[in-house]
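Hello,

I am passing on the structure below, together with notes on what was found in it. Please read the notes with the model open beside you.

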Amino acid sequence: MPPEKIEIFKSLDGWAEQNLLVHLKPVEKCWQPQDFLPDGSSDGFEEQVKELRERAKEIPDDYFVVLVGDMITEEALPTYQTMINTLDGVRDETGASLTPWAIWTRAWTAEENRHGDLLNKYLYLSGRVDMRQIEKTVQYLIGSGMDPRTENNPYLGFIYTSFQERATFISHGNTARLAKEYGDLKLAQVCGLIASDEKRHETAYTKIVEKLFEVDPDGAVVAFADMMRKKISMPAHLMYDGRDDNLFDNYSAVAQRLGVYTVKDYAAILEFLVGRWEVEKLTGLSGEGRKAQEYVCGLAQRIRRLEERAQAKIKELPRLKFSWIHDREVQL
């Protein structure tokens, strides 16, 4: 990033302290995974586990494939903190820096860490999944990392995180809805709580980009178009279980079929962000900025048209074995 762009972020330190850190919750006011799991120290532990397993029996395998994929995505959290700490002007330079950007990144990571912990323990207790295969997938994924193509650029990085936090909010919200339909109200509550965290984090990241549109509209809209041209890759796009080279695509196909996260959601998120950042109303842009504005404002409609054509051509997809559920087959 050119020095003048880095200076923009340094000049926003006071703004970040006042407008970003307010979206964090004090630890003492946060829920913890144990609040929603059987209590291992209580006499009723075995009965509580039995009840959880009874509820889980009624849930179909394809739902578990998606829930496992969502959990594995959450468990690769070290990768996401590392990614944010590649960004110029906002990275945590010491590992315990007291800049508002660094405080935010560490506290955001700490809040997000509870999501994987809770889903992991629920899945373990449910008895419905192969935890060893799941644990291998997590290890492979953290070892592989991710390349969101944000190029150490905080403009690109915060556009990416704005998009991703909304995507995870939608995904966890839909797993909550389905859990309720399957009769597991506790699991619905768990997924709903995680979704509400993601929504709060989305609000914070979209505020950062909104501020960039205010102080540097040309740079912000060009970065938005650049990120969308590259396409927003999902954080777990390098997912692998030691067997399936197309594991992420196959998990995504099940999520698409169940309506947990779809191409329509991708287009809707883009449309939401264009509206949230009032991209259509930008004036006084450079030639490059106007081209970028035109591109992002028309992209959601193009994605929808392409998806409709693709769906019309798709014949029924095959059934596939997933190692996460003891090699049982699921319709893609």
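**Leu21 and its surroundings**

Apart from neighbours within four places in sequence, Leu21 is in contact with Ala16, Pro100, Ile103 and Trp104, where contact means heavy atoms within 4.5 Å. Leu21 is found in the loop between α2 (13-19) and α3 (45-57). Helices (H or I, at least four residues) and strands (E, at least two) are DSSP runs, numbered from the N terminus.

**Basis of the values**

This is a predicted model, in which local features need pLDDT of at least 70 and side-chain atom pairs count only at pLDDT 80 or more, while totals for chains, interfaces and linings use all residues. Residues are numbered from 1 along each chain as its sequence is written, and side-chain values use heavy atoms, with hydrogens and water left out.

**Cavities**

The structure holds 2 cavities of 30 Å³ or more. On a 1 Å grid over the protein atoms alone, a cavity is a set of points where a 1.4 Å probe fits but cannot get out; a pocket is an open set with protein on both sides within 12 Å along at least five of seven lines; and lining residues have an atom within 4 Å of a point. Grid points are joined across faces, edges and corners, and a volume is the space filled by probe spheres set on the points.

The largest cavity has a volume of about 220 Å³. Its lining is made of 16 residues, and Tyr80, Trp108, Gln164, Glu165 and Pro235 lie nearest its centre. Two or more lining residues come from each of α4 (61-75), α5 (77-84), α6 (100-126) and α8 (154-181). Of the elements, α8 gives the most to this lining, with 5 residues. By class, the lining of the largest cavity has 8 nonpolar, 4 polar and 4 charged residues. Here Ala, Val, Leu, Ile, Met, Phe, Trp, Tyr, Cys and Pro count as nonpolar, Asp, Glu, Lys and Arg as charged, and the others, Gly among them, as polar.

The second largest cavity has a volume of about 40 Å³. Ile84, Val90, Trp101, Trp104, Thr105, Phe158 and Tyr205 line it. The largest share of this lining, 3 residues, comes from α6. The lining of the second largest cavity divides into 6 nonpolar, 1 polar and no charged residues.

**Annotated sites**

An unreviewed UniProt entry has a "binding site" annotation on Glu74, Glu112, His115 and Glu198. These residues are spread over 125 residues of sequence but cluster in space, with a largest C-alpha distance of 11.1 Å. From this set, Glu74, Glu112 and Glu198 belong to the lining of the largest cavity.

The unreviewed entry's "binding site" annotation also covers Glu112, Glu165, Glu198 and His201. They span 90 residues in sequence, yet no two of their C-alpha atoms are more than 10.8 Å apart, so they gather at one spot. Glu112, Glu165 and Glu198 from this set are in the lining of the largest cavity. Glu112 is found in helix α6. UniProt positions are given in the numbering used here, feature names are shortened, and annotations may be inferred rather than shown by experiment.

**Largest pocket**

About 1,000 Å³ of space lies in the largest pocket. It is lined by 41 residues, and the closest to its centre are Ser252, Gln256, Tyr261, Thr262 and Val263. The elements that give two or more residues to this lining are α4, α8, α10, α11 (247-258), α12 (263-276) and α13 (287-313). The lining of the largest pocket has 21 nonpolar, 11 polar and 9 charged residues.

Regards
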